[in-house]
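The following note sets out points for discussion on the model shown below. Please read the points alongside the sequence and coordinates.

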Amino acid sequence: MKKAIFVFTVLLTFSFQAQTKKWTLEECVDHALQNNITVKQSELDLEQSEINKKDAIGNFLPTLNASVSHSWSIGLGQDPVTFDAVNSTTKNLSGGISSSLNIYDGLRNINQLHRSNLEILASRYQLDKIKDDISLLVANSFLQILFNKEQLKVLQAQQVVSQQELERTNELVDAGVLPRGDLLEIQATIATQEQQIVNAENTVLLSRIQLAQLLLIQEYETFDIVDIDYEVPTTMILEQSPDAIVSKAKETRYDIKIAETNQEIANDNLKIAKGALQPTLRGSYNFGSNYFTSQLFDTPDFETQLTDNKSHNFSLSLSIPIFNGFAASNNVKRNKVNLERAKVQLEQANLDMETAVYQAYNDTKGALKAYEAAQKTLEAREEAFNYSRERYNVGLLNAFDYNQSQNRFEAAQSDVIRTKYDYIFKLKVLEFYFGIPITDIN
């Protein structure tokens, strides 16, 4: 019984811990990278590229095949010794080994091996790019939850203040100091705040579900993240010039590397297509022997026949392409077009990178200015609200104007939170282009 109670307690503890687990940003990113379907598909593409490389290596190796056959002949046949027609039952066992090797094929094997190495590299770049994109998406969803939670906290704090004001106003109305309309105004404000809190709670829940779905986690209702009040990080990135960030991005980001590798692959494809216009030289070797028995006459024993009937065959074959319905020449032209397309795509990737970096740079500077302006506005709104509350407390301000001041103060608080997380995310995007990990957010 004690053992059963102990096991039950341990299981209950683990269950409670599982339900109350809160995820950090690093855990969310790691989990997404390990379980995301797109990542798994890209990993399979990389595995396929590595198999293709083995095929390219195998093209350099000679082929080796063995064959064995055993046949029976009943009735009219040919004597293998006198070559006369005979009527008998005979048995024939033959076997052999053959091998062939490509000696020259227009350097296609070499170019195919080089291309397969590039395809592996391109697959790795693509996998890393997908991981980067998913990391950004997870970080954005993570920060969205924090932003929604901060908004909810502000609304809840505002409701506490309003409840205190309601109690105080109720006392003053009962004492005949304030009119009953002030009490009704505050009650209406509290009702509005309760509705806003319900909406904010739903927004938090939906953002948590969105991140859980992104992580492929089924326990939507119990999923939650660590409540961290991220301070605005200090950074030197805005002291860098956009050109410097662009140069760094071209070294670290995979968009350019993928485009460059694709151009090299297109160049190898062109070389392979040109190789089909050149002659192909192939060498081969065959070894064989056989064993024969017949009812009409005695035949040598098995070992003697295998030795006497040995045969060796060596051959060289040269294939010269002359005309194939323009297939080879058109394939060359087609790959020339693909090479030009790859060059254009590389040029476009460079332009897109420059545009993205400059956009991220300007967005980050704008978000910082918006955050700083929101802070100044909050300070002014807070002073104005405190002044309005003092006037309201002594009866120099009616409830409507007091609520207007409070609403402006609440809007300023929300705006600070919004601009804060907007700046943090845009800053992380800009730092990401500079090679700083997205999880380095503290």
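**Notes on the predicted model**

1. Phe 223 touches Trp 23, Cys 28, Arg 208, Leu 211, Ala 212, Leu 215 and Ile 217, leaving out residues up to four places away in sequence; contact means heavy atoms within 4.5 Å. This is a predicted model, in which local features need pLDDT of at least 70 and side-chain atom pairs count only at pLDDT 80 or more, while totals for chains, interfaces and linings use all residues. Residues are numbered from 1 along each chain as its sequence is written, and side-chain values use heavy atoms, with hydrogens and water left out.

2. Phe 223 also belongs to the largest nonpolar core, which has 52 residues. A nonpolar core is a set of buried Ala, Val, Leu, Ile, Met, Phe, Trp, Tyr and Cys residues joined through side-chain atoms within 4.5 Å; buried means under 20% relative accessible area, exposed over 50%, and partly exposed in between (1.4 Å probe, protein chains only). Together with Phe 223, the residues touching the most other members are Cys 28, Val 138, Phe 142, Leu 211, Leu 215 and Tyr 433. Two or more residues each come from helix 2 (25-35), helix 3 (37-58), helix 4, helix 5 (180-214), helix 6 (242-252), helix 7 (254-275), helix 9 and helix 10 (399-433). Helices (H or I, at least four residues) and strands (E, at least two) are DSSP runs, numbered from the N terminus. Helix 4 contributes the most, with 13 residues. A second, separate core has 18 residues, among them Leu 172, Leu 183, Ile 186 and Phe 385.

3. Which residues form a nonpolar patch on the surface? They are Phe 60, Leu 61, Leu 101, Ile 103, Tyr 104, Leu 107, Ile 110 and Leu 316, with about 750 Å² of accessible area together. Accessible areas come from the Shrake-Rupley method with a 1.4 Å probe, and for residues only the protein chains shown count as cover. Strand 2 (residues 85-104) supplies the largest share, 3 residues.

4. Leu 107 lies in the loop between strand 2 and helix 4 and has a positive phi of about 65° although it is not a glycine. Phe 326, in the loop between strand 4 (311-319) and helix 9 (327-393), has a positive phi of about 65° and is not a glycine.

Note on methods: Patches are made of residues with over 30% relative accessible area and no salt bridge: like charges are joined within 9 Å, nonpolar side chains (Val, Leu, Ile, Met, Phe, Trp, Tyr) within 5 Å. A salt bridge is a side-chain nitrogen of Lys or Arg within 4 Å of a carboxyl oxygen of Asp or Glu.
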